[in-house]
Structure formats: C-alpha cells, structure tokens
Amino acid sequence: MANDVKPTRKELMAIEDRIDLSERGHDTLEQKRDGLIMEFMDILDQAQDVRSGLGEDYEQAQQTIDMARAMEGDLAVRGAAAALKEHPEITIQSKNIMGVVVPQIESSKVKKGLDERGYGILGTSAHIDEAADAYEDLIDSIILAAEVETAMKKMLNEIETTKRRVNALEFKLLPELRESQEYIEQKLEEQEREEIFRMKKIKNKKEEEEREAREAATTETERPEGEVAVTSD
C-alpha cells in the first residue's frame with residue numbers, strides 16, 4: 001500500500017487524519033466489545049439457570065402427566081386438555097443492549113385458575129390439576145428460555161462481528177496506514193535533503209561567480225594606466 005500513495009504533504013496530512021480517526025474508532029470498538037462480553041456473561045449465567053430450571057420443569061411435567069394417565073386414564077387426560085378454551089398469547093417486543101436489539105417476550109393466559117381451564121372440576125381429579133399446573137410452569141420456562149437463548153445468540157454474533165472489526169483495524173488498516181505514513185515521511189525527508197543539497201550547490205556556484213567577478217575587478221584596477229590587457233586568439 002505504501003508505494004501506491006503520493007509522497008506529498010497533503011497526502012501525509014490526510015493519512016494522519018485517517019490514523020487518528022481509526023485509532024479512535026479502534027478504542028470505541030474495544031470498549032464496545034468489552035461491554036458486550038460483560039453483558040453476554042450476565043446473560044450466559046441467566047441462560048444456565050434457565051436451562052436448569054427448564055429441565056426440572058420438564059421432568060416435573062412428565063412425572064405429573066404420567067401419574068394422571070396412570071390414575072385417570074389417557075382418555076380422561078386428553079379430554080381435559082381438549083376442554084381448554086383460551087390458549088396462551090405471546091407478544092414479542094424488543095430491547096437494546098449495547099446497540100444489540102434482542103427480543104423481549106411477554107406471555108399472557110399461561111397460568112390459569114381451576115375455573116379457567118374448561119374442564120369440570122367435579123369430573124376430574126387432583127392428578128389432572130397437578131399435571132396442568134406443571135405444564136403451565138413448563139410453558140413459562142420455555143418462553144423465558146426462548147428469550148434468553150435468542151438474546152445470547154445475538155450478543156455472541158455481535159461480539160464476533162465487533163472482534164473482527166477491532167482486529168481489522170489493529171492488524172490490517174492501522175499498520176498499512178502507518179507504513180504509508182512512514183514511507184511519505186522518508187520520501188519528504190529525501191526530497192528535503194536533495195533540495196538543501198541543490199540550494200547549497202546553487203549558493204556555492206553563486207559565491208564562486210561573485211568571487212571570480214571580484215578578482216577580475218581587482219585585476220583590472222591594479223593594471224598600470226595605459227596598459228592594455230592582451231588576450232590570445
């Protein structure tokens with residue numbers, strides 16, 4: 001890249017401006033990367049808790065539904081599930097974390113009272129109620145897990161993108177710009193030395209010419225009156 005630039009002071013100033021801008025951008029991106037990593041670690045801790053809770057809720061739901069089927073029969077369990085009138089509602093909004101837009105999932109009508117589940121209280125047993133409670137908890141956990149896992153993936157992608165930008169500035173663009181800066185500075189120094197050398201030669205030549213002119217004038221003055229200078233053809 002260095003050999004492709006013009007060794008002029010204008011180009012040097014432009015490169016110095018680019019270096020300053022790139023260094024400030026590099027510092028900003030480093031701060032963003034570090035902030036994203038801190039946010040990601042917090043979300044990762046939350047995700048680990050959510051995964052653990054999701055596994056426990058799933059095990060609990062499986063145990064209660066197996067018990068309900070064993071005690072009430074599969075037909076009764078299916079009938080109770082089919083009686084549900086109001087299904088859970090999901091709304092997705094967004095929030096900004098360090099410039100990264102992540103989903104914020106809100107749910108409603110997941111948790112229901114006994115009178116809201118649609119099946120007759122007298123026609124079912126506590127085993128079905130316990131299974132319904134367990135699956136409602138499981139749905140809440142799934143919704144939370146979806147929110148956290150999606151946020152974690154988006155944060156991780158942004159961290160990787162920011163790291164690539166930081167590395168591109170640190171290991172490619174800035175070294176190339178500094179190389180070009182050094183190349184132009186060296187060329188300008190060479191040009192300056194050449195110009196100084198040229199000016200010295202001109203000065204020396206001028207001084208020599210002036211000295212010769214003074215010597216000629218002195219010789220002419222010292223020649224006896226009436227003597228004519230003889231020149232050879």
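Met98 lies in the loop between strand 1 (89–97) and strand 2. In this predicted model, Met98 has a positive phi of about 55°, although the residue is not a glycine.

**Overall form**

Three helices and two strands make up the chain. In sequence order, the pattern is α-α-β-β-α. The radius of gyration of the chain is 43 Å, well over the 17 Å that the globule rule gives for 233 residues, so the chain is more spread out than a compact globule. The C-alpha trace spans about 155 × 25 × 25 Å along the principal axes of the chain. Of the 233 residues, 25% count as buried. When contacts between residues at least 6 apart in sequence are considered, 77% of them join residues at least 24 apart.

The elements named with their residue ranges are set out below.

| Element | Residues |
|---|---|
| Helix 1 | 9–72 |
| Helix 2 | 74–82 |
| Strand 1 | 89–97 |
| Strand 2 | 100–108 |
| Helix 3 | 126–222 |

**Nonpolar cores**

The largest nonpolar core has 14 residues, and Ile43 and Met155 are those with the most contacts inside it. Helix 1, strand 2 and helix 3 are the elements that each give two or more residues to this core. Helix 3 supplies the largest share, six residues. Once neighbours within four places in sequence are left aside, the contacts of Met155 are Leu36, Glu39, Phe40, Ile43, Ile97 and Val100. A second, separate core has nine residues, among them Ile19, Leu177, Tyr183 and Ile184.

**Packing of helix 1 and helix 2**

Helix 1 and helix 2 pack at an angle of about 120°, and their axes are 6 Å apart. On the side of helix 1, the contact is made by Ile65, Ala68, Arg69 and Glu72. Helix 2 contributes Asp74, Ala76 and Val77. Sorted by class, the contact of these two helices has four nonpolar residues, three charged residues and no polar ones.

Methods. Residues are numbered from 1 along each chain as its sequence is written. This is a predicted model: local features need pLDDT of at least 70, side-chain atom pairs count only at pLDDT 80 or more; totals for chains, interfaces and linings use all residues. Side-chain values use heavy atoms; hydrogens and water are left out. A nonpolar core is a set of buried Ala, Val, Leu, Ile, Met, Phe, Trp, Tyr and Cys residues joined through side-chain atoms within 4.5 Å. Buried means under 20% relative accessible area, exposed over 50%, partly exposed in between (1.4 Å probe, protein chains only). Helices (H or I, at least four residues) and strands (E, at least two) are DSSP runs, numbered from the N terminus. Contact means heavy atoms within 4.5 Å. Axes are lines fitted to C-alpha atoms, for helices over the stretch in contact, and angles run from 0 to 180 degrees between N-to-C directions. Ala, Val, Leu, Ile, Met, Phe, Trp, Tyr, Cys and Pro count as nonpolar, Asp, Glu, Lys and Arg as charged, and the others, Gly among them, as polar. The radius of gyration is taken over C-alpha atoms; the globule rule is 2.2 Å times the number of residues to the power 0.38.
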